[in-house]
Amino acid sequence: MVFSTPYFLFLYFCAVLLFYYITPLKLRNLVLLILNLIFYGWGEPVYILIMFASIGIDYTHGMLVTRCKAKGNLRGAKMAVASSVIFNLALLFFFKYWDFIAGTLEGFGLHFMPKLGLSLPIGISFYTFQTMSYTIDVYRGDARSQKNIITFGTFVTLFPQLIAGPIIKYKDLDDQLEHRVHTVDKFASGVQRFTVGLSKKVLLANAIGPLWDNYLATPAAELTTVGAWLGILAFSFQLYFDFSGYSDMAIGLGRMLGFEFLENFNYPYLSKSATEFWRRWHISLGSWFREYLYFPLGGSRVKKGRMIFNLLVVWAATGIWHGASWNFLLWGLFYFVCLVVEKLFLLKHIQKLPGWLSHIYALFLVLIGWTIFAVEDLGHMGEYFKAMFGMGAGFINSDTVYYLMNYLPILIIAVVASTPLAKNLWHKLPETARKVVLPVCLMLGLVMSTAYLVDGTYNPFLYFRF
Amino acid sequence: MKDNNSNKKYNLFITVLFCVFIFGFGIALLIHMANPTDFSEQENRYLQQAPKFKLGTPDWKGFTEGRDFWKGGNFFSGEFMSDFEEFVTDQFPLRDEWIQLKALGERVLQKKENNGVYYGTDGKTLFAKYTDPSDEELRKRVGYMNTLGVNLIDAGVPVFFSLVPDKSYVWADLLPDNAPNVDTGAMNEAAKELTSNAYYFDLYNALDGADSYYRTDHHWTVMGAKRAYDSLMEQFMIPNPAEPEGEPQMVSDAFYGTTWSSCGAGWIPPDEMHIWVPEGGPHGTISVTGYPEGKPIETPMYNLDKLQVKDKYAMYLGGNQPLCVLRNSEGRGKLLVVRDSYSDSLAPFLALQFQEVHLWDLRYNNMSLKQYVQDNGIQYVLVLYSASNFSTDINLSKLTR
């Protein structure tokens with residue numbers, strides 16, 4: 001199930017609120033677990049079994065780690081963590097990468113791995129990472145193992161962030177799982193956050209998306225320079241508003257149920273370097289890789305050569321995490337190169353540049369990155385790059401003029417919405433004005449989003465590959 | 001403390017506001033789902049009804065052979081759930097108003113189109129997007145015309161072929177600047193070039209006029225059809241063709257066409273509908289035989305009952321059917337028109353001139369055209385298709401049988 005449908009908002013979520021709040025505190029995790037499973041099983045009921053397996057296996061491993069540690073058996077604890085990591089990675093590998101590898105091997109004439117054609121369980125990349133963090137945190141002593149399997153199951157399946165993040169570490173949530181505070185203030189702030197997220201997804205991302213779809217489908221022979229840049233700009237906005245909108249909705253829904261999740265985006269398009277971009281974009285993923293992969297490899301506190309190797313591993317993994325396809329790996333490696341170059345010498349110089357110039361530099365890299373990310377077919381990607389750099393079908397044509405004019409107002413709104421301008425203005429308003437404007441904006445966001453959802457001609461879910 | 005309290009009250013207000021919105025519409029939705037709407041007049045389509053839950057039966061053999069384990073079910077395949085979501089969206093309370101609100105939102109954003117429909121610059125004309133077929137596809141399709149021409153040579157029957165320009169060609173000045181998906185006339189030129197064993201009639205310059213098409217529908221009006229009739233008669237080289245007497249008579253001023261239906265632009269006023277040739281012709285000599293179920297029945301030229309429903313264009317000859325014959329005892333010659341829906345409002349004019357006009361619909365008619373032509377003494381065959389239908393109709397290949 002995804003958030004941006006009338007079914008979710010007006011039936012499922014109403015039912016969630018109703019059942020959740022009429023249940024006594026003690027039983028709320030159980031109710032939530034059941035509702036989570038319905039949420040997950042809605043699209044593909046059989047895959048609920050993965051949820052049960054995930055809960056059962058990670059629960060047991062957590063207990064094992066604790067028991068071994070209590071007995072002073074560090075070796076045993078280590079084995080248990082390793083086994084849990086292997087299980088989670090195997091799950092991810094089997095469903096997400098099997099066919100990709102099988103296809104690649106076929107290309108070399110090797111046929112020992114048959115293609116399975118299984119559909120990718122929604123959100124698998126997000127929740128396998130979350131459950132992996134659990135046993136590791138328990139082993140490191142950052143979290144206590146969860147003895148109550150219902151509570152643990154609620155963590156694994158928690159619907160607001162199950163399918164599109166933020167990726168939540170167990171240690172950030174364990175207290176909240178057992179004692180969370182439900183207040184009207186929290187609920188109201190959740191309402192605001194959810195509405196912002198819904199509007200971002202439905203009113204901005206869905207409005208800009210077709211512009212990118214159009215340019216992705218434009219044959220290379222008709223792709224102009226302006227068109228290619230316009231297309232990738234549209235994709236950049238679509239992905240940002242879609243993804244950060246989902247995170248906002250998750251945070252908002254979480255608050256309405258008493259949870260507090262960490263932030264996932266911080267105006268990434270304001271960045272002045274690739275390094276900064278990754279501190280602002282999909283923060284929970286970057287932080288996960290840093291904590292559970294980069295640091296264990298030694299991080300930056302090693303010799304330069306080893307550090308570069310560590311970065312290579314992390315960025316290759318980050319890339320391929322986004323989808324089982326070569327372009328995602330390439331995209332990760334692109335950022336590896338950018339970040340190494342910045343880390344070794346460029347960053348010092350960039351920081352001396354005037355702000356607008358470093359801003360252009362960063363956005364240029366980000367747009368190049370999104371081109372690699374968004375055009376899956378490598379041949380097509382090459383053609384697209386050619387068009388971007390003036391080797392396409394001319395500079396501009398009448399179709400491009402039309403699309404530019406048609407999407408200009410929404411693009412301007414998107415630019416403004418990518419900056420904290422609205423937020424700053426909001427805080428400058430006097431308190432009384434804010435109190436009047438807030439409900440008006442909320443209703444406007446909810447009503448217009450509903451209108452666009454009911455018409456519903458264009459409403460994609462972008463993370464089926466994640 | 002007091003401040004805290006008032007904050008709490010305010011947040012309670014926000015909470016209640018949100019809950020009233022989602023629960024209010026949620027409950028209204030449930031009530032509506034219990035008594036769902038069948039057909040959307042505005043969208044001119046059947047709405048999704050409640051899907052029937054089917055678990056299916058376990059099928060081990062199928063499973064081992066790579067098919068679904070739950071044979072005949074719709075639950076484990078996820079089909080039930082996706083149908084259910086569509087059911088919810090389709091039956092959402094005030095659906096038509098929501099769709100119009102979305103169209104309004106797109107308008108506020110200065111969008112020049114919504115749901116594949118361009119807004120004309122005059123603020124009241126709608127254009128469905130149009131795409132030319134590929135060169136290869138066009139070659140194939142015109143090839144069918146040429147094959148038909150060859151096939152009918154031994155019967156001594158000439159084949160004429162003509163495309164009706166898309167509204168976006170004739171009213172190009174009303175389109176948004178640089179709009180990409182429009183009829184530029186390129187297909188007309190290419191088709192003219194490629195037609196070798198049939199005679200190509202060019203209608204692309206015949207339809208100029210501010211009343212040739214409906215503003216809210218893709219079809220031509222009776223006035224447009226008359227201009228096409230005049231041009232066809234000229235290209236047939238018929239001297240002094242028969243003329244309808246009098247002026248067009250308005251029969252409805254509340255026609256919302258299919259283009260309007262797909263874009264929800266509630267602020268666009270409806271079209272007027274006219275008839276020009278009176279029922280039975282000016283001298284009462286025209287009769288119409290329809291074959292809606294395959295058997296001949298006498299039908300009126302204009303089915304005025306259709307003016308009471310959404311799809312008012314079906315008034316002309318009663319809408320789509322495999323075959324329809326108009327006979328005029330005063331006319332001369334027998335013409336067969338391979339039709340699409342544009343021909344229905346043209347046929348009354350053709351019936352003024354010809355003794356028999358046979359409207360042949362490839363979509364519903366699988367008989368041999370050649371056999372029919374010979375059996376009925378047809379003298380001319382005209383393939384008349386709108387540019388858009390000619391690019392997309394998969395039944396054209398039947399002409400070569």
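Close-up 1. The model is predicted. A:Leu425 belongs to helix H17 of chain A. Together with A:Met405, A:Leu408, A:Ile412, A:Val416 and A:Leu421, A:Leu425 forms a nonpolar patch on the surface. The accessible area of these residues together is about 520 Å².

Close-up 2. Helix H16 of chain A spans 398-417, and helix H17 of chain A spans 421-428. Each supplies at least two residues of the nonpolar patch. H16(A) gives the largest share, with four residues.

**Close-up 3. A lysine of chain A over a tyrosine of chain B.** A:Lys435 lies over the face of B:Tyr10. The distance to the ring centre is 4.9 Å. B:Tyr10 sits in helix H1 of chain B, residues 2-34. B:Tyr10 counts as buried because its relative accessibility is 14%, under the 20% cut-off.

**Close-up 4. A lysine over a tryptophan within chain A.** The charged end of A:Lys96 is placed over the ring of A:Trp321. It is 5.3 Å from the ring centre. A pair of aromatic rings is described by the distance of the centres and the angle of the planes.

**Close-up 5. A three-stranded open sheet in chain B.** The strand order is S5-S6-S7 in chain B, and the pairing is antiparallel. S5 (113-114) and S7 (126-128) of chain B stand at the edges; each has a single partner strand, so one side of each has no neighbour in the sheet. Strand S6 of chain B covers residues 117-119. S6 and S7 of chain B pair in the antiparallel sense over three bridges. B:Val117 has B:Ala128, in S7(B), as its bridge partner. Strands of a sheet pair through backbone hydrogen bonds, either parallel or antiparallel.

Close-up 6. Chain B contains twelve helices and 17 strands. Its C-alpha atoms fill a box of roughly 95 × 60 × 40 Å along the principal axes. Chain B has 401 residues, and 52% of them count as buried. B:Tyr10 is one of the residues that count as buried.

How values were computed: Residues are numbered from 1 along each chain as its sequence is written. Chains are lettered from A and ligands numbered from 1 in the order in which they are written. This is a predicted model: local features need pLDDT of at least 70, side-chain atom pairs count only at pLDDT 80 or more; totals for chains, interfaces and linings use all residues. Side-chain values use heavy atoms; hydrogens and water are left out. A charge sits over a ring if NZ of Lys or CZ of Arg is within 6 Å of the ring centre and within 35 degrees of the ring normal. Patches are made of residues with over 30% relative accessible area and no salt bridge: like charges are joined within 9 Å, nonpolar side chains (Val, Leu, Ile, Met, Phe, Trp, Tyr) within 5 Å. Accessible areas come from the Shrake-Rupley method with a 1.4 Å probe; for residues, only the protein chains shown count as cover. A salt bridge is a side-chain nitrogen of Lys or Arg within 4 Å of a carboxyl oxygen of Asp or Glu. Two strands pair if DSSP finds at least two bridges between them. Buried means under 20% relative accessible area, exposed over 50%, partly exposed in between (1.4 Å probe, protein chains only).
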